[in-house]
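Here is a short briefing on one chain.

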Amino acid sequence: MPLEVVVDSYVPCEFNVPVFSKNHEHELWVVLLEKAWAKIHGSYQRISFGFAHETMRDLTGAPGYQYTIEDEEEIFKIITDRVD
């Protein structure tokens with residue numbers, strides 16, 4: 001079910017740089033998307049750390065996972081195990 005979110009123009013900054021998400025050059029969409037996400041969840045504090053797997057789970061409804069990879073070859077094993 002789509003949810004409409006009104007985003008105001010206030011973005012928390014320190015030294016004229018957004019405190020949380022970082023944009024690339026003059027892109028603004030990352031900061032605005034994070035602002036909308038914080039409004040949905042009630043505050044920036046509730047979305048602290050901004051784990052991508054949690055965000056994708058919330059956006060898609062599909063399960064999300066986070067792995068800590070020590071060895072580069074290990075990632076291919078994890079991916080191929082999930083595909084089977």
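The points below are grouped by topic.

This is a predicted model: local features need pLDDT of at least 70, side-chain atom pairs count only at pLDDT 80 or more, and totals for chains, interfaces and linings use all residues. Residues are numbered from 1 along each chain as its sequence is written, and side-chain values use heavy atoms, with hydrogens and water left out.

**Aromatic pair**

- The structure holds 1 aromatic pair. Rings of Phe, Tyr and Trp (its six-membered ring) pair if their centres lie within 6.5 Å; planes under 30 degrees apart count as stacked, over 60 as edge-to-face and the rest as tilted.
- The ring centres of Phe20 and Tyr44 are 4.8 Å apart and the planes are at 15°, so this pair is stacked.
- The pair links distant parts of the chain, 24 residues apart. Phe20 is in the loop between strand S2 (17-18) and helix H1 (29-41). Tyr44 is in the loop between H1 and helix H2 (52-60).
- Helices (H or I, at least four residues) and strands (E, at least two) are DSSP runs, numbered from the N terminus.
- Phe20 has 43% relative accessibility, so Phe20 counts as partly exposed. Tyr44 has 16%, so Tyr44 counts as buried. Buried means under 20% relative accessible area, exposed over 50%, partly exposed in between (1.4 Å probe, protein chains only).

**Helix H1**

- H1 has 13 residues and should span 18 Å at 1.5 Å a residue; its end C-alpha atoms are 18 Å apart, which agrees. The expected span is 1.5 Å times one less than the number of residues.
- Buried residues of H1 are Val30, Val31, Glu34, Lys35, Ala36, Trp37 and Ala38.
- The cover over these buried residues includes S2 and H2.
- Gly42 follows H1, and its phi is positive, near 100°.

**Val31 in H1**

- Val31 lies in helix H1. Its relative accessibility is 3%, so Val31 counts as buried.
- Val31 is in contact (heavy atoms within 4.5 Å) with Val11, Pro18, Ser21 and Asn23, leaving aside neighbours within four places in sequence.
- Asp81 is 50 residues from Val31 along the chain, and their C-alpha atoms are separated by 35 Å.

**Glu34 in H1**

- Glu34 also has its place in helix H1. With a relative accessible area of 17%, Glu34 is buried.
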